[in-house]
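Come along and look things up with me.

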Amino acid sequence: MAQSDKPDSLSYRDAGVDIDAGDAFIDIIKPVAKRTEREGCLSGLGGFGALFQVPQNYKEPILVSGTDGVGTKLKLAFDLNKHDTIGIDLVAMCVNDVIVQGAEPLFFLDYFATGKLTPEVAAQVVEGIGEGCVQANAALIGGETAEMPGMYKSGEYDLAGFCVGAVEKSKIIDGTKVKAGDTLIGLASTGAHSNGYSLVRKVIDTYEVPLDTLIGGKPLSEAVMAPTKIYVRSILSLLKQVDVHALAHITGGGIPGNLNRVLPDDCHAVVDESSWQWPALFTWMMETANIERSEMYRTFNCGVGMILVVDQADVERSISLLSEAGESAFVIGEIKDGESEQQVHIV
């Protein structure tokens, strides 16, 4: 730009930022947040900080926090222009991490960043976040909207979520009760949830697979965008009636990389892969791209989104209660005595 072409002054709008975007986002999120209110909410949206009181039924509450994103599943949301369930994924990834320590999710905050706010897209994302919070009984009490020109391609955005829960100190689940003879119960996933999507996209791109290809009777687009299962209500209900020794949320790293996190050093787990059926998406990916079975287990949940460790005497009751709560629950293995080079054996 020549010296004479320089403007006399610049404003924030000249930088490509809509200074009213924050207010617009607040207008979008307020009615959604209202729908998620629960005991403990003390303030509405719009303040510098969100206030929440730990419910008084807790005698010695321990706060448990979790944060996560949705990963490259967002790229498929952009390609498909489908944004109504990605918020459920965001909430699920956080609350499922909190529940494994026995904590009840209390409240949730989101971070939404984009180059230029598109209210229609933002509204769909927020509605999904609200739905996820309703499923988890967590209050959506705040968040942050960042409009950053030049950081994101047109039509793209990024998401992060933050959840805080509470558990009685005496009821923290940390795996210390796990012992030889305990049984592993798997809870069915709804698909790939929000992990392994770099490989999912690589398979689709490398083999030029149309997104309307039928996989297990459903379009591939529907299979890859199925929202992450939220296990909060069913597990909280179970914890009131059964002494669960450990819980593992099966995310990146699959069963081997997550179940081992809750096992004592003197025990190992044996998982029987014949005890459940893989969803069609995983079988299709493995066969299409000739992916080794071990790589599938290392990358995806392969149909098991959560694993519970319970005493053998509590197995039948646990599966019955979980089934009544709407879960597909099944025995997938057991805990064995003795150290092992691999703490999780899939046989």
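**Entry 1: two helices meeting**

Which residues in α5 meet which residues in α9? I looked, keeping in mind that this is a predicted model. From α5 I noted V200, V203 and I204, and they meet W284, M285, T288 and A289 in α9.

Next I looked up how the two helices sit. Helix α5 covers residues 197-206 and helix α9 covers residues 280-289; their axes are 11 Å apart and the packing angle is about 55°. That angle makes α5 oblique to α9. I also wrote down that the crossing of α5 and α9 is left-handed.

**Entry 2: α5 again, with another partner**

I stayed with α5 and turned to α2. The axes of α2 and α5 come within 8 Å, crossing at roughly 45°. The two helices are therefore oblique to each other. Which residues of α2 and α5 meet? On the α2 side I listed K73, K75 and L76, and on the α5 side Y197, V200, R201 and I204. This contact divides into 4 nonpolar residues, no polar and 3 charged.

**Entry 3: an aromatic pair**

How many aromatic pairs does the structure hold? I counted 6. One of them is formed by F78 and Y157, which lie edge-to-face, 4.9 Å centre to centre with 80° between the planes. This pair links distant parts of the chain: F78 belongs to helix α2 (residues 73-80) and Y157 to strand β4 (residues 157-168), 79 residues apart.

**Entry 4: the open sheet**

Then I traced a sheet. Six strands form it, and I read their order as β8-β10-β5-β11-β9-β12, with mixed pairing in an open sheet. Which strands stand at the edges? They are β8 (244-249) and β12 (344-346); each has a single partner strand, so one side of each is left without a neighbour in the sheet. Neighbouring strands here are turned by 25° against each other on average, direction ignored.

I zoomed in on β11 (residues 329-337). Strand β5 (residues 183-188) runs antiparallel to β11, joined by 5 bridges. Along that pairing I found G186 opposite F330, and T183 with E334 as its bridge partner. Strand β9 (residues 267-271) also pairs with β11 in the antiparallel sense, over 5 bridges. There, A269 stands opposite I335.

**Entry 5: helices on the sheet**

Which strands does helix α11 touch? I found β5, β10 and β11; α11 (residues 315-324) packs on the sheet, and its direction makes about 10° with that of β5. Helix α7 (residues 232-239) packs on the sheet as well, touching β5, β8 and β10 (304-310). The direction of α7 makes about 170° with that of β8.

**Entry 6: α7 and its helix neighbour**

Last, I followed α7 to helix α3 (residues 86-99). Their axes come within 10 Å and cross at roughly 10°. The helices α3 and α7 are therefore roughly parallel to each other. I noted V95, N96 and I99 of α3 in contact with V232, I235 and L236 of α7. By class, that gives 5 nonpolar residues, 1 polar and no charged.

Technical notes: Residues numbered from 1 in each chain as written. Predicted model: local features only at pLDDT ≥ 70, side-chain atom pairs only at ≥ 80, totals over all residues. Heavy atoms only, no water. Pairing = 2+ DSSP bridges. Helix = DSSP H or I, 4+ residues; strand = E, 2+ residues; numbered from the N terminus. Axes fitted to C-alpha atoms, helices over the stretch in contact; angles between N-to-C directions. Contact = heavy atoms within 4.5 Å. Parallel < 35°, antiparallel > 145°, perpendicular 65-115°, else oblique. Left-handed = near helix turned anticlockwise from the far one by under 90°. Phe/Tyr/Trp six-rings, centres within 6.5 Å; stacked < 30°, edge-to-face > 60°. Nonpolar A, V, L, I, M, F, W, Y, C, P; charged D, E, K, R; others polar.
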